[in-house]
Amino acid sequence: MKAWLTFSPSIVNKAIISNLVKNYDITFNILRADITPKGGKMLIEISGTQQKQAVEFMEKEGIHLNPINKVVKKDEEKCIDCGACISLCPVEAIKPAEDWTVEVDDLKCIGCSFCTNSCPTRAIRVME
Amino acid sequence: MWDIMKTIREINQKIKDGDAVVVTAAEMTAIVRENGAKQAAEEIDVVTTGTFGAMCSSGAFLNFGHSDPPIKMSRTYLNGVEAYSGLAAVDAYLGATQPNRNPDIGLEYGGSHVIEDLIRGNEIELVAEAYGTDCYPLTEIKTQITLESINEAVMVNPRNCYQNYSSATNSTDETLYTYMGTLLPNMGNVSYSSAGELSPLLNDPYFQTIGTGSRIFLCGAQGYIIGEGTQFATEVERKNGVPVSTAGTLMLKGNMKEMHSDYVRGATMPKYGSTLYVGAGIPIPILNEELAQQTAISDEEITCRIVDYGVPRRSKPIVREANYHELKSGVIELNGEEVPTSPLSSQKKALEIALKLKEWIDKGEFLLTVPVEKLPNKGRTVKPLEIQKPRILVKDLKGETLILAHPTDAISEVARKMVQNSINHLPVVDEGNKLLGIVTSWDVANAVAHGKNKLTDVMTKKVIIAREEEPVDVIARRIDKNKISGLPVIDSDNRVKGMVTAEDISRLIGGD
């Protein structure tokens, strides 16, 4: 799953993520992070068999968890399948199909908006 | 010369009889590979090509009809986009890249978007202004038009269908927004624009069958080539018979009332401007074995230069050459790194267009034409525009005595140098005068405020620089874009030669 974690200032100094990995045997990937002494936000992707317990642990520790479902969306009517967005995606969430149809993988998307800002026909939108 | 095996007249008879064999340029590649050019030339009558790319040099002639009382329009605006009206009373030419006159809309809805809206049949607001004459008394008009309500809407594109076009990358450490799309810093991506083996002019590279009067597919209508395009060149480097960079171009014409929005689209290159995606397809009659061979060209055999848009000059440095098979694979190696690639033109639409044109010919709805005049295939080069006033380079600026700081300098020493020389920036260099960073009076104040004593802790290490050989105009834009007040001048060995400031440049411009 992919989710935004919101840290309050009081827990910024706690080693929650490393305990998470140690105790629940999950793998995770930090996709975006913005943490300051005043608190912060982190976009992570976690997977593992104890994912449910891991989420409960984080919530108990005071992290606000906000799961993301749909992230990137292509307007089929507007898209001309030019592919200008493909090489801009830092996580390879946009790929051409065999017939060069531009395909977006919203599970991979981290919502960086590089593609939306660069689309010549404004056909890609990022939505949370 | 190769023996003529068929004539266009004979092919047209076959089309009418429903017997013509038509394949796309991609299919032709495989056919010739399998059976050889001779057999292919006997069996295949027409090869269709296609491209769907951003073609800025496009636009439309519109005739609005006369109002009562009449008006001699001297300025016209369509949905807020100005069309050139220095023609007869109610004629105008709408260019694809014209921005909206409303600065809040600007590049987001320009000439190309109006063209698309017209073709979609949408209502367009027409505002016209005039000075008023005895025969044309009205001085202003505001009304709604549609494609159907106006007399003519003729797309006339001075330069479409570049034979080949260099790919773009960016060596600088900032993102660039160009007509080749968004280019990531440090050669983070490569953008290419040709349709490769499907591209019309790569399939008849010496224009043996294409010329003025050739009937073509244009944005879903049957249009025509009305001559060579602007910036047309023939004297270029070739590999496997096809140019490795820009060469031939086409001037195209078509009736917008017959066009379809599937094959034309208004677009905006971010922070660059609006542009029109034009769908064009050209049929190549296979008159002889040589044409069979030429239309069989594959992506592997077409070379394309990758150039550095980090250098905003007419000639951009070539980073490497690649073929379209490599470019279309999605990654390419640049200086030992794997770099992702993006097409800028739609490969999918290009094939759709080639297939649509094939369908028209198969159904007998489209006949081939003998050009009235062939396009020139030799003796043409592109001339540069020389600026008569000599271009001032950074090295021509009169430098003041160069004041430098060294990493070991105390903050107080740096402050003293700034005050003594009335300057705000100081390049920080090593013993060999090579640039390490830059320190500003703000950095010094910051150091004092936070009790920092080491220069290396407060200086900026990522420095925006000027090179000696760069024109001053380029530096003026760099200063403006980065919102800085000055930058160090560096020679080819990265040694600091001086400073150039916004003041130096405004003094220069003011002194004209």
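Visitor: What makes a pair of side chains a salt bridge here?

Guide: A salt bridge needs a side-chain nitrogen of Lys or Arg within 4 Å of a carboxyl oxygen of Asp or Glu. The model is predicted. Take Lys6(B) and Asp45(B): the closest N and O atoms are 3.2 Å apart. That is within 4 Å, so the pair is called a salt bridge. By this rule there are 29 salt bridges over all chains.

Visitor: Which parts of the chain does the pair Lys6(B) and Asp45(B) link?

Guide: Distant ones, 39 residues apart. Lys6(B) sits in the segment before helix H1 (8-17) of chain B. Asp45(B) is in the loop between helix H3 (37-43) and strand S2 (46-48) of chain B. Both Lys6(B) and Asp45(B) are buried.

Visitor: How do you know that Lys356(B) and Glu359(B) form a salt bridge?

Guide: Their closest N and O atoms are 3.7 Å apart. The cut-off is 4 Å, so the pair counts. Lys356(B) and Glu359(B) are three residues apart in helix H7 (residues 347-362) of chain B, so about one helical turn separates them.

Visitor: What separates Lys358(B) and Asp362(B) in helix H7 of chain B?

Guide: About one helical turn, because the two are four residues apart in that helix. They form a salt bridge, with the closest N and O atoms 3.1 Å apart. Asp362(B), at 37% relative accessible area, is partly exposed.

Visitor: Which residues are linked in a network of salt bridges?

Guide: Lys74(A), Glu76(A), Asp81(A) and Lys348(B).

Visitor: How many disulfides does the structure hold?

Guide: Zero, over all chains. A disulfide needs two cysteine sulfur atoms within 2.5 Å. For Cys79(A), the nearest cysteine sulfur is that of Cys119(A), 6.6 Å away. For Cys82(A), the closest is in Cys85(A), at 6.4 Å, so it is too far for a bond.

Visitor: Why do Cys79(A) and Cys82(A) count as buried?

Guide: The limit is under 20% relative accessible area. Cys79(A) is at 13%, so it is buried. Cys82(A) is at 7%, so it is buried as well.

Visitor: Is Leu218(B) buried or exposed?

Guide: Buried, because its relative accessibility is 0%. Leu218(B) lies in strand S16 (residues 215-218) of chain B. Residues that Leu218(B) touches include Met155(B), Leu252(B), Met259(B) and Val278(B).

Visitor: Which domains does the assignment give for chain B?

Guide: Domain 1 (8-53 + 156-374), domain 2 (65-150) and domain 3 (394-510). The centres of domain 1 of chain B and domain 2 of chain B, taken over C-alpha atoms, are 32 Å apart. Each of these two domains brings 18 residues to the contact.

Visitor: What area do domain 1 of chain B and domain 2 of chain B bury between them?

Guide: About 1400 Å², with 62% of it on carbon and sulfur atoms. Met256(B), Lys257(B) and Ser274(B) supply 38% of the area that domain 1 of chain B buries against domain 2 of chain B, more than any other three residues.

Visitor: How many salt bridges and polar contacts cross the interface of domain 1 of chain B and domain 2 of chain B?

Guide: The rule finds zero salt bridges there. It finds eight residue pairs in polar contact. On the domain 1 side that touches domain 2 of chain B, the largest share, five residues, comes from S21(B).

Technical notes
Residues numbered from 1 in each chain as written. Chains lettered and ligands numbered in written order. Predicted model: local features only at pLDDT ≥ 70, side-chain atom pairs only at ≥ 80, totals over all residues. Heavy atoms only, no water. Buried < 20%, exposed > 50% of the residue type's maximum accessible area, 1.4 Å probe, protein only. Contact = heavy atoms within 4.5 Å. Domains from an automatic or database assignment. Buried area = accessible area lost by both parts, 1.4 Å probe. Polar contact = N/O pair within 3.5 Å; in protein donor to acceptor, adjacent residues only side chain to side chain. Lists of a residue's contacts leave out its neighbours within four places in sequence.
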